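Here is a quick walk through a fold, sheet by sheet and core by core. Have the viewer open while you read.

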Amino acid sequence: MKKLMLLLFTSFYLAANAQIETLYKMPFAKGYQFWDYQIGKDHLTFSADEHTQVVSSLMPDPLNERTSVVYLEKAQNIHLMYWYYGAKIDSFRYTILENDLKIVAKDTLPSQSSKTKNSYYIDFGKFNITNKKLTAVFYKLGRSDVATNIVFYNQKPKPVEILNAVFVETFDNPPVEIIRNKKNEIIKKSITYNRAQRIINNGYVYYDDKLTEAEIQIKPLPNVFLYKILIRRKIDGKDDIVKIDEPIWKNDWFGNIACKLPMSNFSKAGQYEIVIYPKIGNTSLADSHNQSRLRFEIKIQPNYSPKQVTAGIILFSLIIGSITGVTVVYLKNKQAKKKIAAEAKQKEIAQLQLNAVRSQLNPHFLFNALAGIQNLMNKNEIDHANRYLSKFARLTRNVLDSKELISLSEEKTLLDDYLQMEQLRFGFQYKINASADLDTENIEIPAMLLQPFVENAVKHGIAGKKHNGEVEINFNRTESDLVLTIFDNGTGFDATKTYQGFGLALSKNRISLLNTLYKGEPFVLNIQSDGKGTTVTITLSDWL
């Protein structure tokens, strides 16, 4: 039987490697087929079922050392096997993760293995991989720090989220930095400046020889190397397409991912479109569900003749004269303008104070979350701590986002992540309900409006009740008002007193400042508490 298996995987290994330049293999006959990938001296073999439509070659992940990825499409089950060329099978260990969270096997010694002439054959068995990511980690005993990670990715790629796109200009320019040596001689050293011009959708940028590259920044994506870039230029109704099959994606200083494109791709005038899309499967550029696009225009700065310059000076003089006339009219109405300026200044001050409160709420939340992780570690609940940390990572990115307004759907996701984290520590139950007459995707509220109150409900309300604790959050509509409520069945407190709670005090102050900015849409905070629990209600009047 072992000889037959060896013959099968060897024949398929040769067939697969004969087409190594063809990245994806399309539908094949019924029954399992085998693929073999060499990993150092060892070999990983796997088979995929008849439902599989695409299997890629083994692709290194440029953002994760010692990690390679196999992309599959529509597979339901795979069978993993391994040929280990170590001296003793006792030193071989493996861990298998499902979707980065569920542990299928951890630090395990193979139970099904047999010795061949120069190696050990290990049969890991079958795994269901329907719409999943399966990670197999192989290492020697005590050397998990240098493990080999093989990721089987069987999920539809999603569109990337573009955060920023700029043209970068690098140039040398005075002033210069003056330095004196030991002989008191002056040394002049040029200072290099960097300047960036934003690419604006449906806007334009003037081409300049000093522009060196375009830089695109996207949100973190675990399989970003599966995405390629297409640059399309249209001039006089004709398309000039440049394909970049392998853009170099790198982590940047802000924890996001960026790639740089040579400026030679944008040296001609015309309407441009940058499309970021998956390079797997049969991707159609007409199908935009998993693509992200940037549209802009490149213009060439014209060279003006002396006559045109003279005409420009005259035109400029006329414009200056018009501005002078407008200024005279403005001075006559200065008193009325002062009142408008004073109101604008008051709003600006309120906005600055609001930003200060938000900046205080973020570290307060992060400190409490880190304390939660420490608590789980101290209790040796490592699995819960790992799951808590995974949720915490995604939640942190949302909390630190600079957006002032977010949709009800995003707020629900943020609260869901936070309550799932705290549920690992305290075991309570929770519900988040939104009435059917609310468009949660399009109705926006201030970011982190509810989170401090929910955190207070958990920490001071139901933490001690363990599995008997309950938290319920409701989004409701009352005519044109948006009503948000948070209920917990804790022991309650005297809502008429002032407490030292940092998060609650900041949240009350934030609502007061919001009322300064939204005078026509006041925020009303009401807290009711007794021995049966606490209800916090925030009403956004005439918000809908």
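## The mixed sheet

Five strands make an open sheet here, running in the order β25-β27-β28-β30-β29, and their pairing is mixed. Keep in mind that this is a predicted model. At the edges you'll find β25 (429-434) and β29 (523-530); each has a single partner strand, so one side of each is left without a neighbour in the sheet. On average, neighbouring strands are turned by 10° against each other, direction ignored.

Inside the sheet, take β27 (residues 470-478) and β28 (residues 481-488): they pair in the antiparallel sense, over eight bridges. One of the residue pairs to look for is Thr 478 with its bridge partner in β28, Asp 481.

## Helices on that sheet

Helix α5 packs on the sheet and touches β25, β27 and β28. The direction of α5 makes about 175° with that of β25. Helix α6 (residues 451-462) packs on the sheet as well, touching β27, β28, β29 and β30 (533-540). For α6, the angle is about 20° with the direction of β28.

Now zoom in on Asp 417, which sits in α5. Is Asp 417 buried or exposed? Its relative accessibility is 2%, and the cut-off for buried is under 20%, so Asp 417 counts as buried. Setting aside residues up to four places away in sequence, Asp 417 touches Lys 391, Arg 394 and Leu 395.

## The nonpolar cores

The largest nonpolar core has 44 residues, and the ones with the most contacts inside it are Leu 419, Ile 473, Leu 482, Leu 484 and Leu 540. Helix α5 (residues 408-426) supplies the largest share of this core, eight residues. A second, separate core has 37 residues, among them Leu 221, Ile 244, Trp 249 and Cys 259.

What does Ile 473 touch, leaving aside its neighbours within four places in sequence? Its contacts are Leu 415, Leu 419, Lys 431, Ile 432, Asn 433, Leu 450, Val 454, Thr 485 and Ile 486.

## The antiparallel sheet

Another open sheet has five strands in the order β2-β3-β7-β11-β10, and here the pairing is antiparallel. Its edge strands are β2 (33-39) and β10 (113-115), each of which pairs on one side only. From one strand to the next, the twist averages 20°.

Seven bridges join β2 to β3 (residues 42-48) in the antiparallel sense.

Key:
Residues numbered from 1 in each chain as written. Predicted model: local features only at pLDDT ≥ 70, side-chain atom pairs only at ≥ 80, totals over all residues. Heavy atoms only, no water. Core = buried A, V, L, I, M, F, W, Y, C linked by side-chain atoms within 4.5 Å. Buried < 20%, exposed > 50% of the residue type's maximum accessible area, 1.4 Å probe, protein only. Helix = DSSP H or I, 4+ residues; strand = E, 2+ residues; numbered from the N terminus. Contact = heavy atoms within 4.5 Å. Pairing = 2+ DSSP bridges. Axes fitted to C-alpha atoms, helices over the stretch in contact; angles between N-to-C directions.
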